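Here's a walk through one chain, taken piece by piece. Keep the structure open while you read.

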Amino acid sequence: WSRTATKSDGVLSVGGVPLPELVREHGSPAYVLDEADFRSRAGAFRDAFADYDVYYAGKAFLCTTVARWLAEEGLSLDVCSGGELAVAERAGFPMGRVGFHGNNKTLGELERAVELGVGRVIVDSFHEIGRLADVATELGRTVGVMVRVTAGVEAHTHEYIATAHEDQKFGFSIASGDALEAVRRVHEAQGLRLLGLHSHIGSQIFDTSGFEVAARRVLALHARVIEEVGVEMPEMDLGGGFGIAYTTQDDPSDPAQLATEITKIVEHECRALDIALPRLSIEPGRAIAGPSMCTVYEVGTVKEVALDGGLVRTYVSVDGGMSDNIRTALYDADYSATIASRPSGGPPTLSRVVGKHCEAGDIVVKDEFLPADVRPGDLVAVPGTGAYCRSMASNYNHALRPPVIGVRDGKTFTVLRRETVADLLATDVGVL
Ligand code: LLP
């Protein structure tokens with residue numbers, strides 16, 4: 001839950017706004033974004049990593065409001081598509097503080113990024129190095145470049161979101177020598193200014209040992225570049241991926257502790273290698289956005305289903321589902337849920353919160369003990385939906401993507417409005 005969430009007489013409030021009131025005003029389902037919580041998590045990373053640049057990873061959740069908050073809080077921004085770049089532009093985000101990621105940026109995206117003057121482009125393939133150098137030369141600009149490297153680390157997380165082992169699509173392998181070759185090419189290319197190496201080992205990681213091994217390998221390469229290519233790289237990015245708790249109240253990614261641990265590792269390695277400490281940056285997304293939002297749904301139907309051994313599971317169907325939170329279906333992610341609109345009645349009962357989509361895998365919360373008297377009209381809230389839920393939302397079954405409603409000091413404000421059927425039909429230009 002975000003830090004301003006409180007429950008009184010069974011009614012959940014966030015940012016001083018009771019959720020039943022929020023739903024009366026804005027409808028259901030809705031994502032509820034706690035401004036104070038988002039800003040305080042962003043600020044905590046900024047303060048703990050005061051000697052670093054903190055790039056918020058926009059893929060977790062991005063819109064112009066959030067981009068403005070980040071600019072005001074002094075963070076930088078990582079975007080990974082022309083769409084995210086357009087949001088940053090519309091928000092007036094300082095382009096010098098934008099980093100542009102992606103393993104297959106289009107020519108158009110590269111041109112736009114260079115025209116807008118983004119601070120750094122993180123290159124991910126030899127093709128891209130050539131393409132970016134051409135764009136820079138054509139536009140008569142010099143572009144800051146980080147080289148994304150693969151440290152060969154097995155991060156302990158879901159296979160789909162681990163990114164530093166050898167057999168996956170991101171980065172230049174350090175082990176194969178491609179990373180060193182990429183650095184050479186960037187260094188020699190016209191229009192490109194080599195800033196440093198970039199490593200991101202994966203997402204939803206708790207164990208700092210993966211960061212430690214990656215940092216050691218990346219710093220060793222950094223030292224080799226000085227030695228063999230004869231160039232000093234001023235920067236280094238260690239990526240994001242700091243995990244959050246989804247079903248307990250623990251806050252595992254304490255920024256201050258992370259900063260101490262990461263800095264200790266890097267300083268130790270730099271001493272051992274006898275190199276100057278580069279300016280470091282990190283890219284947290286989930287650890288800032290994740291806890292700051294919850295999703296509120298309305299219950300439509302309740303069904304008891306008999307399981308083997310005389311057990312019963314209560315299926316609680318809500319008015320959203322895998323179109324607003326794909327993470328349960330895609331990563332087998334765990335979430336929790338609570339009744340947000342009234343005091344609980346009856347004994348806790350094994351329940352599953354499911355959506356309204358046309359497939360059995362449309363599960364929001366796999367297992368939760370909800371009160372036995374859960375019934376249509378109840379509001380159910382699911383915490384920890386700030387990262388990779390709205391940003392991965394779809395229109396599956398022609399669902400309308402829910403709004404994001406900001407809350408602060410007892411007031412609500414619309415951050416992203418609810419989609420309408422007219423929005424859906426606007427792209428359907430077939431028949432008429
Ligand atoms: N930097 C880079 C280069 C990344 O690829 C990512 C995430 C981040 C930073 C931020 O990672 P974070 O701090 O948010 O963990 N859809 C998946 C997560 C995909 C992460 C992709 N890259 C999920 O819902 O778990």
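How many bridges pair β1 and strand β2, and in which sense do they run?

The pairing of β1 with strand β2 (residues 11-14) is antiparallel and uses three bridges. Bear in mind that this is a predicted model. To find one of the spots where the strands meet, look for T6, whose bridge partner in β2 is S13.

These strands belong to an open sheet of three strands, in the order β1-β2-β3, with antiparallel pairing.

## Around β14

Next up is strand β14, which spans residues 293-306 and pairs with strand β4 (residues 30-34). That pairing is antiparallel and has four bridges. Here L33 has M293 in β14 as its bridge partner.

β14 also runs antiparallel to strand β19 (residues 379-383), to which five bridges join it. On this side, Y297 is found opposite V380 in β19.

Then there's strand β15 (residues 312-318), again antiparallel to β14 and joined to it by seven bridges. Check K303, which faces Y315 in β15 across the pairing. β14 and β15 make a hairpin, with five residues between the two strands. In the turn you'll find G309, with a positive phi of about 75 degrees.

## Helices α4 and α5

Now for some helix packing. Two packed helices are described by the angle between their axes and the distance between the axes. For helix α4 (residues 82-90) and helix α5 (residues 107-116), the angle is about 25 degrees and the axes are 10 Å apart. Angles under 35 degrees count as roughly parallel, and α4 and α5 therefore fall in that class. The crossing of α4 past α5 is left-handed.

Which residues in α4 and α5 meet? From α4 come G82, L85 and E89, and from α5 come G108, E109, R112, A113 and L116. Sorted by class, this contact has three nonpolar, two polar and three charged residues.

## Helices α8 and α9

The other helix pair to look at is helix α8 (residues 209-229) with helix α9 (residues 255-273). Their axes lie 10 Å apart, and the packing angle is about 35 degrees. α8 and α9 cross in the right-handed sense.

On the α8 side, the contact takes in F211, E212, A215, R216, L219, A220 and A223. Facing them in α9 are I262, I265, V266, E269, C270 and L273. By class, the contact of α8 with α9 comes to 10 nonpolar and three charged residues, with no polar ones.

## Stepping back to the domains

How does the chain divide up? The domain assignment gives domain 1 as 6-32 + 291-426 and domain 2 as 101-284. Between the C-alpha centres of domain 1 and domain 2 there are 36 Å.

How many residues does each domain bring to the contact? Domain 1 supplies seven residues and domain 2 supplies five. The side of domain 1 that touches domain 2 is made up of four nonpolar, two polar and one charged residues.

How values were computed: Residues numbered from 1 in each chain as written. Predicted model: local features only at pLDDT ≥ 70, side-chain atom pairs only at ≥ 80, totals over all residues. Domains from an automatic or database assignment. Contact = placed C-beta atoms within 7 Å. Nonpolar A, V, L, I, M, F, W, Y, C, P; charged D, E, K, R; others polar. Axes fitted to C-alpha atoms, helices over the stretch in contact; angles between N-to-C directions. Parallel < 35°, antiparallel > 145°, perpendicular 65-115°, else oblique. Left-handed = near helix turned anticlockwise from the far one by under 90°. Pairing = 2+ DSSP bridges.
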